Amino acid sequence: MHISRSRLIRRLGLGSGLAAMYSAAVVVGAPAVSATHTTTPTTYQGAVYGSVATTPTADKPQSKLWHQDGAWWGLLLDSAGRVVVHELRDHRWYSTGAVVDERSTSTGDALWDGSRLYVASRTSSGALRVVRLSYDSTRRSYAVDAGFPVQIASNGSESITIAKDTVGRLWATYTQGSAVWVTHTTTDDATWTSPFKPPGIDTAVASDDISAVLAFNGKIGVMWSDQASSTFRFGVHDDRASGTTGWTYEVPLEGTNMADDHINLKTLVADSAGRVHAAIKTSQGDGGEPAGSPSIAVLTRAGGTWTSAVAGTVGDSMTRPVLLLDETNSEIYLLATAPESGGGGTIYYKKAPLSNISFGNGRGKPFVEWAGDKVNNATTTKDPVSAATGMVVLASSGNSRTYYHAEMALSGSTTEPAPEPASDTTAPSAPAGVSAKSVSSGQVDLVWSASTDNIGVAGYRVRRDGVQ
């Protein structure tokens, strides 16, 4: 649980037995990431997930994290193998109990629009779904809205992503049957059109090609890889047009072995220029191209024109690139796994100013790493990050079936709690009904009734045998 401000602290003593080992105190809250006092990433080991799921933090276009109400949230598997909304507190992910998808092998793309959470979810052969959830700030919990999830397609896909345009329509894209498909809502969030191929363009692709969607500057953009023609394509739809009209098309990148099924799209909502950034992987090296050939690139669209910045070469052996945009410092971050083969290893990062996107040689610096394990499949948020949010990147290991995440403060972050307001002289109530249950040799679950306060409660400090 989180706490806001209270100058006075109340400690709660627990009952006998296991519970007697713990105590909890109401404390002043601070941003979860910015309080790390560092601008270098720190990796934390998370829970072990079940044997059915192999890559729960995949896939490449999807975003499984979002920042909201002063905290980071994510889509992670719970102990029963269901995809559930989790909250990041004190460097650990805690289940809220809100089930997004009961299928262990599903992966989802999360969109927080400021009032509702939308998740597009898929499996390789099952239904493609969209679920909408509402947030309760008092309980710090999510609940699936009535009428959801809704099925928008069947027969599975390698990926699905979701976006929302300026007139309130939700859009989703995926590939199936060696073709690109899109669909959007009509009268409400639960009513979707029959899936259709973007009109007026060749949408035939290879069987393992993918697509991705984002909203930008009053438009919807759909990018897809076309390995059959060694091309990345980008469809632009004007929000004012009907779903099947108002489309134009561009070619961000083409050439022999210049396309692969790796796409991650990002944009700054406040960017009046409407720039779009795409992290992509080429197939250079597959045809015997030399080690210095471009393998990872960041493509940027400004005013309908695309430019490219090489972020990794064949010799760097990098894969699964993901982007993050830092709006406080006007910087772009690229994250990618290396080495490419063998189930991963470390998530590395590079950064560049948005005004001059250019990356240095090599893999960059480690962002998510763990000694003795192989980390892969980085995922983060669709939205820009800032000094207020810091950066959080979630990943996983197919080797140990374990979650890992890394946190990093950004320049300008507040590293100390805000000053206490002089008017706050009322102590919070003591937490009540505290109980402790031993879940395993390495986990104890604590439960208590929330404290109340005239200003607000934002967190608790838990001690075991007097040690925090």
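Visitor: Which residue of S17 stands opposite Ala212?

Guide: In this predicted model, strand S16 covers residues 211–216 and is one of the edge strands of its sheet. S16 runs antiparallel to S17, and 6 bridges join the two strands. Across from Ala212, the residue found in S17 is Met223.

Visitor: What is the strand order of the open sheet that has S16 and S19 as its edge strands?

Guide: This open sheet has 4 strands with antiparallel pairing. The edge strands, S16 and S19 (247–254), each pair on one side only, and the twist averages 20 degrees from one strand to the next. Written out, the order is S16-S17-S18-S19.

Visitor: Why is one side of S20 and one side of S23 left without a neighbour in the sheet?

Guide: These strands belong to an open sheet with the order S20-S21-S22-S23 and antiparallel pairing. Strand S20 (263–266) and strand S23 (305–313) stand at the edges of this sheet, and one side of each has no neighbour there because each has a single partner strand.

Visitor: Over how many bridges do S20 and S21 pair?

Guide: Strand S21 covers residues 276–281 and pairs with S20 in the antiparallel sense. As an example of residues that face each other here, Asn264 stands opposite Ala279 in S21. The number of bridges over which S20 and S21 pair is 4.

Visitor: How many helices and how many strands does the protein chain have?

Guide: The sheets discussed above include one with the order S16-S17-S18-S19 and one with the order S20-S21-S22-S23. For the secondary structure of the protein chain as a whole, the count comes to 0 helices and 33 strands.

Visitor: What percentage of the residues in the protein chain is buried?

Guide: The protein chain exposes about 18800 Å², of which carbon and sulfur atoms supply 48%. Among its contacts with a separation of 6 or more, 54% come from residues 24 or more positions apart. Of the 468 residues in the protein chain, the buried ones make up 53%.

Visitor: Which parts of the chain does the aromatic pair of Trp73 and Tyr142 tie together?

Guide: A search of the whole structure finds 14 aromatic pairs. Trp73 and Tyr142 form one that is edge-to-face, with 5.2 Å centre to centre and 80 degrees between the planes.

Visitor: Is Tyr142 buried or exposed?

Guide: A residue counts as buried when its relative accessible area is under 20%. Trp73, the partner of Tyr142 in the pair, has 0% relative accessibility and so counts as buried. Tyr142 has 6% relative accessibility, which means that Tyr142 also counts as buried.

Visitor: What kind of aromatic pair do Tyr349 and Phe367 form?

Guide: Tyr349 lies in strand S26 (residues 346–353) and Phe367 in strand S27 (residues 365–368), 18 residues apart, and both Tyr349 and Phe367 are buried. Planes over 60 degrees apart count as edge-to-face. The ring centres of Tyr349 and Phe367 are 5.3 Å apart and their planes stand at 90 degrees, so the pair is edge-to-face.

Visitor: Which residues do ring pairs link into a cluster together with Trp73 and Tyr142?

Guide: Trp73 and Tyr142 are themselves an aromatic pair. Further ring pairs extend this link into a cluster, and the residues joined with Trp73 and Tyr142 are Trp66, Trp112 and Tyr135.

Visitor: Where does Ser230 lie, and what is its phi?

Guide: Most residues other than glycine have a negative phi. Ser230 is found in the loop between strand S17 (219–226) and strand S18 (231–238), and at 17% relative accessibility Ser230 counts as buried. Its phi is positive, with a value near 55 degrees.

How values were computed
Residues numbered from 1 in each chain as written. Predicted model: local features only at pLDDT ≥ 70, side-chain atom pairs only at ≥ 80, totals over all residues. Heavy atoms only, no water. Phe/Tyr/Trp six-rings, centres within 6.5 Å; stacked < 30°, edge-to-face > 60°. Buried < 20%, exposed > 50% of the residue type's maximum accessible area, 1.4 Å probe, protein only. Contact = heavy atoms within 4.5 Å. Areas by Shrake-Rupley, 256 points an atom, 1.4 Å probe, with all protein chains shown as cover. Pairing = 2+ DSSP bridges. Axes fitted to C-alpha atoms, helices over the stretch in contact; angles between N-to-C directions.
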